[in-house]
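Hello,

Here is the structure I promised to pass on. Please have a look, then read my notes below.

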Amino acid sequence: MPKMKTKSAAKKRFSFTASGRVKAGVAGKRHGMIKRSTKFIRQATGTMILSDADEGIVKKYMPYNR
């Protein structure tokens, strides 16, 4: 069997924790900050752990990074 390919877009956007969860940047901070509340901007810093449903999708895209 040939090797499966990793999606290039996924490997640029997601990383894995030591326990196998998926880390991603928080959405909604590319533009339009003037209309966002200060609380939203403050809480959307750094990275977040994806939900179980989204995690399953990302793990299909990255078969060897577990």
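Helices (H or I, at least four residues) and strands (E, at least two) are DSSP runs, numbered from the N terminus. This is a predicted model: local features need pLDDT of at least 70, side-chain atom pairs count only at pLDDT 80 or more, and totals for chains, interfaces and linings use all residues. Residues are numbered from 1 along each chain as its sequence is written, and side-chain values use heavy atoms, with hydrogens and water left out.

Overall layout first. The protein has 3 helices and 3 strands. From the N terminus on, their order is α-β-β-α-β-α. The radius of gyration (taken over C-alpha atoms) is 15 Å, well over the 11 Å that the globule rule gives for 66 residues, so the protein is more spread out than a compact globule. That rule is 2.2 Å times the number of residues to the power 0.38. The C-alpha atoms fill a box of roughly 50 × 25 × 15 Å, taken along the principal axes.

Next, burial. Buried means under 20% relative accessible area, exposed over 50%, and partly exposed in between (1.4 Å probe, protein chains only). Buried residues make up 18% of the 66 residues. The largest nonpolar core has 7 residues: A10, F16, V22, A24, L50, V58 and M62. Such a core is a set of buried Ala, Val, Leu, Ile, Met, Phe, Trp, Tyr and Cys residues joined through side-chain atoms within 4.5 Å.

Now α3, residues 52-61. Its buried residues are E55, V58 and K59. They cover an arc of only 100° around the axis, which puts them on the same side of α3. The arc is that of the directions from the helix axis to the C-beta atoms. The buried residues of α3 pack against β1 (14-16) and β2 (22-25). V58 is in contact (heavy atoms within 4.5 Å) with F14, V22 and L50, leaving aside its neighbours within four places in sequence. On the face turned away from the buried side, α3 carries the exposed residues A53 and K60.

Helix α2 spans residues 38-43. K39 and A24 are 15 residues apart in sequence, and 20 Å apart in space, C-alpha to C-alpha.

One last figure, on contacts. Among those between residues at least 6 apart in sequence, 54% join residues at least 24 apart.

Best wishes
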